[in-house]
Amino acid sequence: MSIKNKLIYGGDYYPEQWMDHPKILEQDIQFIKKAGINLITVGVFAWSVIEPKEGEYHFSWLEEIIDRLYENEISVMLATPSGARPKWLAQKYPEALRVNEGRQRNLFGERHNHCFTSPVYREKVRKINTKLAECFAGHPAVAFWHISNEYGGECHCPLCQKAFQEWLRKKYGTVEKLNKAWWTRFWSHTYDSFEEVESPSSVGEKSIHGLNLDWKRFVSDQTIDFMRHEIQALRDAGAKQPATTNMMYDFQGINYGKMAEYLDIVSWDSYPLWGKKEDVRIALDNGMQHDYMRSLKHRPFLLLESCPSATNWQGVSKLKKPGVLMNASLQSIAHGGDSVQYFQIRQSRGSSEKFHGSVIDHYGGADTRVFLEICQVGRTLESLSEIAGSDVHAKAALIYDIENRWAMEDAQGPRNDGLYYHEAAFKSYQALKHCGLDVDVIDMDQKLDGYQIIAAPMLYMFRSDMEGKLREFVKNGGTLIMTYWSGIVNETDLCHLGGTPHDLTDVLGLRSEEIDGLYDWEENTAEPAAENELGIVRPYTGKNLCDLVQLKGALALMVYGSDFYAGRPALTKNTFGNGTAYYVCADMEEAFYRDVYKKICERAGIQGLLEDVPEGITVNSRENREYQYLFIQNYGQEPVRVALPEGYEILAGEYEGAVAAMSTVVWKRRK
């Protein structure tokens, strides 16, 4: 038995909750097989059952479950249980519990309520991980290690304060360099030693932006270090299977780019709010996150959690309408994923997730609407097995950077009631997707080689030589689209002197002079300049932020329509080297991005997967050595006619000139 070269289909299972119901455990395996599931995750949050008392380990129940799964040709992803510690540990070692930013230690309870710095917590985690690896690293069923669960949160205890001070000492070397980097003479907040530095707090220091930024970096690094500590315990005990951990949607607490360096495979948990807006918009937003996860290692990722029905924790627990589960599942595959996995396999009877959707619900039958759809997804994934391991070769990239976001949202700049960074990035993303392009979503640490077009919205902070990389990209023939509020500060959040966007004023052919923050009820327009090169003929509305620029060689393609800066540039174009750099001066409406990006791609000769992407449709591709695979998904309620390029044959789905409502069709053609 092996899941190698297969698409993974599975989910989280908690047999420890059903140990006094042996008939249910036996029946569950039959349900799992019937659904076509080939991998089960076990052990998440099982610490209190594995080690009910300190040093007393119980593995026989887990071994029995894993053996049964293996006998039924079902592989296992085995989790380390550090996501929630048992009561005895917190009782005996209170230092393992977190301290909040007000310097109060938490009580026992919840998940993620543990200090990543605590030596005793690290010791206890290493011991249990070592025991798990010693027992199961050689088991033929175990295909992956699931490290903890949804890492996140921060601790402000004395141990973390000391670790933060050492982190700063290592980064800056001297306190004088730290003071310069943080501009601490402001308000006379100069430090005389690293030992004087404390984490930001609402009852203490919170106005030194360099401190706030470095604290977020430290928390991220400390979390990653803890994860590495967990993985090393497994490796030292002989575990060789790939290790992963479940990342989260648009999560702002960890630099996932750095975390991915220490994982064998990237995975994440996806819970879109289907039905809250037009489903195609939900799909595009979720697709942006799929692409971000894939781009972390530029290899296939795993969808580790999704909901087969309604969640229990969103504002409204909406059921998935017929077709949504299939489309949502295949979206992961379309964007470069190699799995569809659910939380959860069997619905809990009690506590906070008892109403969260599952493969097997409280009724416990195989004739439910949801279970029948789950079986259908399983059959479809089996038919698509040849796609496993194939890659996405994107022509376009969106730069979306977490450290930039940390700095920008703490900047106290032109708008403190919403800078809308995610929304700005999404506007560029959906515009590139509307052009029929596969899109990598990357941060500033990544290379720009191989792309034809790059969107760089709101890069307030330049780090990792971003300006140098973009300069070379445009010089060598690339098409760059940059926006307002870019190149303002360096990596410690100090404002650049001498003109912005920093070191790119010649590439963009302009200099930013001022930026106007608009009240929520205010707006401006961008009007097409006469005989502009892109052939723009209609005006568009802008809100929130309007950048006032001075041209230094660039051409104005659009101009502001009102206010004291009416007639000044709102969209510019500049030729630099062999490439072209555009600058969007204001936070424009979505229609602007869709229309203008399409014109930019056409002018640059950048071809999409389809000549035309109709409304309600998304298109993605994957490739292996022999074939290109094309995924066309309809997220609307009516069939949509789609014109295909020649040479494709249907691999999955139905197509007679149109893609049916809420459905997916997969094509392939020999390369």
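Colleague: What is the volume of the second largest cavity?

Modeller: In this predicted model, the second largest cavity has a volume of about 90 Å³, where volume stands for the space filled by probe spheres set on grid points that are joined across faces, edges and corners. Of the 14 residues that line this second largest cavity, Ser270, Leu303, Ser306, Ala328 and Ser329 are the closest to its centre. Local features need pLDDT of at least 70 and side-chain atom pairs 80 or more, whereas totals for chains, interfaces and linings use all residues. Residues are numbered from 1 along each chain, and side-chain values use heavy atoms, with hydrogens and water left out.

Colleague: What makes a space a cavity, and what makes a residue part of its lining?

Modeller: On a 1 Å grid over the protein atoms alone, a cavity is a set of points where a 1.4 Å probe fits but cannot get out, and a lining residue has an atom within 4 Å of a point.

Colleague: Which class has how many residues in the lining of the second largest cavity?

Modeller: That lining has seven nonpolar, six polar and one charged residues, given that Ala, Val, Leu, Ile, Met, Phe, Trp, Tyr, Cys and Pro count as nonpolar, Asp, Glu, Lys and Arg as charged, and the others, Gly among them, as polar. Helix 11 supplies the largest share of this lining, four residues.

Colleague: Why is helix 11 called mostly covered?

Modeller: Buried means under 20% relative accessible area (exposed is over 50%, partly exposed in between, with a 1.4 Å probe and protein chains only), and eleven of the eleven residues in helix 11, residues 324-334, are buried. Among them are Ala328 and Ser329. The helix itself is a DSSP run of H or I with at least four residues, while a strand is a run of E with at least two, both numbered from the N terminus.

Colleague: Why is one side of strand 21 and of strand 24 left without a neighbour in the sheet?

Modeller: The open sheet has four strands in the order 21-22-26-24, with antiparallel pairing. Strand 21 (617-623) and strand 24 (649-652) stand at its edges with a single partner strand each, so one side of each has no neighbour there.

Colleague: How do you know that strand 24 and strand 26 pair?

Modeller: Two strands pair if DSSP finds at least two bridges between them, and strand 24 and strand 26 (residues 663-670) have three, in the antiparallel sense.

Note on methods
On a 1 Å grid over the protein atoms alone, a cavity is a set of points where a 1.4 Å probe fits but cannot get out, and a pocket is an open set with protein on both sides within 12 Å along at least five of seven lines; lining residues have an atom within 4 Å of a point.
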